[in-house]
Amino acid sequence: MQSLRAVSRWPVENAATGVVSADGRVLGTFGDVERRFPLASVTKPLTAYAVLVAVEEGAVEWDQPVGPATLRHLIAHTSGLAFDSDKVQAPPGERRIYSNTGFEVMAAFVESATEIPFADYLTEAVLAPLGMTSTALTGSPAAGAVSTVSDLLRFAAEVQSPRLVSAELVAEATSVQFPGLKGVLPGYGSQRHNDWGLGFEIKSDKSPHWTGAGSSPRTFGHFGQSGTFLWVDPAVGAACVALADRPFGEWAVAAWPPFTDGVLAELGAR
């Protein structure tokens with residue numbers, strides 16, 4: 001895909017990208033797709049998927065109390081926990097407060113329920129079955145994974161055509177949970193409808209946003225402060241991964257949306 005070459009013009013030292021269709025075909029790549037990059041918050045969809053496996057296995061349940069809220073509140077950023085502390089800033093379900101702490105509490109709960117260290121559970125439940133051999137959780141389950149474009153394309157294919165969990169559960173995870181909540185989308189300010197699923201951010205009508213002007217409202221995924229993103233757009237039946245080695249900033253705000261629109265235009269022309 002020629003559109004992927006646009007990453008060569010990003011103001012970064014290293015970048016790699018790829019697109020995978022819903023049937024698992026890699027439609028194109030650019031850059032060193034085997035280079036390992038820190039994912040920052042693109043870790044969260046991986047962590048969330050391990051939690052989906054734990055739910056489907058019956059190890060945990062969405063409505064179980066965990067900390068100040070429930071498992072569902074934690075994974076949907078509605079627990080009320082602050083971004084990076086255990087301070088409770090709102091009652092459960094009332095505000096969308098993006099919380100690394102919430103993901104850490106959630107992972108600790110799964111670890112306790114399964115009696116398996118969470119990093120090991122993630123590997124056993126998600127990474128190993130998908131052949132993601134270059135991916136590892138080396139730090140916080142909210143932001144501490146490293147991976148490659150090749151591995152994340154395998155994950156993006158799984159999310160589009162699930163094998164590890166039921167399609168119904170993935171559909172729930174990529175649908176809006178606790179609709180109508182306001183909140184701040186990090187890097188993009190206050191959003192009237194700050195919609196999230198179960199570990200996946202959903203574009204809906206957010207503006208501004210890190211995806212493209214042509215991205216459908218059903219687009220879901222995540223971006224990370226390390227200069228990384230993964231989106232899935234069901235309207236075009238494809239997903240895109242881009243990893244870079246420069247922290248998120250104005251360069252990404254300027255570069256990412258036109259890049260995504262270029263990818264979408266090429267997909268639409270196929």
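This is a predicted model: local features need pLDDT of at least 70, side-chain atom pairs count only at pLDDT 80 or more; totals for chains, interfaces and linings use all residues.
Residues are numbered from 1 along each chain as its sequence is written, and side-chain values use heavy atoms, with hydrogens and water left out.

Me: How many aromatic pairs does a search of the whole structure find?
Reply: Rings of Phe, Tyr and Trp (its six-membered ring) pair if their centres lie within 6.5 Å, and planes under 30 degrees apart count as stacked, over 60 as edge-to-face and the rest as tilted. When the whole structure is searched, the number of aromatic pairs is 16.

Me: Are the rings of tryptophan 10 and tryptophan 251 stacked, edge-to-face or tilted?
Reply: Their ring centres are 5.7 Å apart and their planes stand at 55°, so this pair is tilted.
The pair links distant parts of the chain, 241 residues apart, with tryptophan 10 in the segment before strand S1 (15-21) and tryptophan 251 in helix H7 (residues 250-269); here helices (H or I, at least four residues) and strands (E, at least two) are DSSP runs, numbered from the N terminus. To return to the geometry, the name for this pair is tilted.

Me: Is tryptophan 10 buried or exposed?
Reply: Buried means under 20% relative accessible area, exposed over 50%, and partly exposed in between (1.4 Å probe, protein chains only). Tryptophan 251, at 9%, is buried. Tryptophan 10 has a relative accessibility of 7%, so it counts as buried.

Me: Are the rings of tyrosine 188 and phenylalanine 223 stacked, tilted or edge-to-face?
Reply: Tyrosine 188 is buried at 8% relative accessibility, and phenylalanine 223 is buried at 7%. With ring centres 5.7 Å apart and planes at 85°, the pair is therefore edge-to-face.

Me: What is the volume of the largest pocket?
Reply: On a 1 Å grid over the protein atoms alone, a cavity is a set of points where a 1.4 Å probe fits but cannot get out, whereas a pocket is an open set with protein on both sides within 12 Å along at least five of seven lines, and lining residues have an atom within 4 Å of a point. Grid points are joined across faces, edges and corners, and a volume is the space filled by probe spheres set on the points. For the largest pocket this volume is about 260 Å³.

Me: Which element gives the largest share of the lining of the largest pocket?
Reply: The elements that give two or more residues to this lining are helix H5 (149-160) and helix H6 (167-173). The largest share, three residues, comes from H6.

Me: What is the omega of the cis peptide bond that joins serine 207 and proline 208?
Reply: Most residues other than glycine have a negative phi, and most peptide bonds are trans. Proline 208 is found in the loop between strand S10 (201-202) and S11. The bond that joins serine 207 to proline 208 is cis, with an omega of about 0°.

Me: What is the phi of serine 204?
Reply: Serine 204 lies in the loop between S10 and S11, and with a relative accessible area of 16% this residue is buried. Serine 204 is a residue other than glycine with a positive phi, a value near 50°.
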